[in-house]
Amino acid sequence: MAEPATARDLARRSQSAVHRKDKEAWLGLFAADAVVADPIGPSPLDPKGEGHRGLAAIAGFYDTVIAPNEQISFDIERSYLCGDEVADVGTIRTTLPGGEHVVVVRGVYTYRSDGAGRIAALRAYWEFNAAERISVTQCPGPGGDRQPAGLCLARVAKGR
């Protein structure tokens, strides 16, 4: 009998499904009572800061935060697997609707397995107001179009 997927395996599958914009594959990775907290704590993406609990709430998170974007890519610099959890350190780049801006989020992204091959928790440690919004039509750099992207992410989450 095959061993259940590790938390790292589940993290890579999750990242791949998001990158491919495969909602069904992404949702299929989660346990029925899983929670997604991205970011952890109150933010415009989760005003109460309680996370998105259960498959219906996680699907709603996908529809409002992930689906509207052109592309989401993951650059994982380091990964630490400990028991049923993994902590990935890296950068997520989100090309916003219309393709003219990319939001860059640096953080620590943790995934906990339920031990049976499903994600029990996805928790993202990143500072909402520290996300960068970069214009892809201009060369970013000193004095370039880099600015806090919190309001932009909030608009994407609200479908604007």
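Biologist: Which strand gives the largest share of the lining of the largest cavity?

Modeller: This is a predicted model, in which local features need pLDDT of at least 70 and side-chain atom pairs count only at pLDDT 80 or more, while totals for chains, interfaces and linings use all residues. Residues are numbered from 1 along each chain as its sequence is written, and side-chain values use heavy atoms, without hydrogens and water. Lining residues have an atom within 4 Å of a cavity point, and the largest share, four residues, comes from S5.

Biologist: What is the volume of the largest cavity?

Modeller: A search of the whole structure finds one cavity of 30 Å³ or more (points on a 1 Å grid over the protein atoms alone where a 1.4 Å probe fits but cannot get out). With volume taken as the space filled by probe spheres set on the points, which are joined across faces, edges and corners, the value is about 330 Å³.

Biologist: How many residues of the lining are nonpolar?

Modeller: The lining has 22 residues, with Asp-38, Val-65, Ile-66, Ile-72 and Ile-92 nearest the centre of the cavity. Four lining residues are polar and one is charged, and the number that are nonpolar (Ala, Val, Leu, Ile, Met, Phe, Trp, Tyr, Cys or Pro) is 17.

Biologist: Is Tyr-125 buried, partly exposed or exposed?

Modeller: Tyr-125 lies in strand S6 (strands are DSSP runs of E, at least two residues, and helices runs of H or I, at least four, numbered from the N terminus). Buried means under 20% relative accessible area and exposed over 50%, with a 1.4 Å probe and protein chains only. Because its relative accessibility is 42%, Tyr-125 counts as partly exposed.

Key:
1 Å grid on protein atoms, 1.4 Å probe; cavity = no way out; pocket = protein on both sides within 12 Å on 5 of 7 lines; lining within 4 Å.
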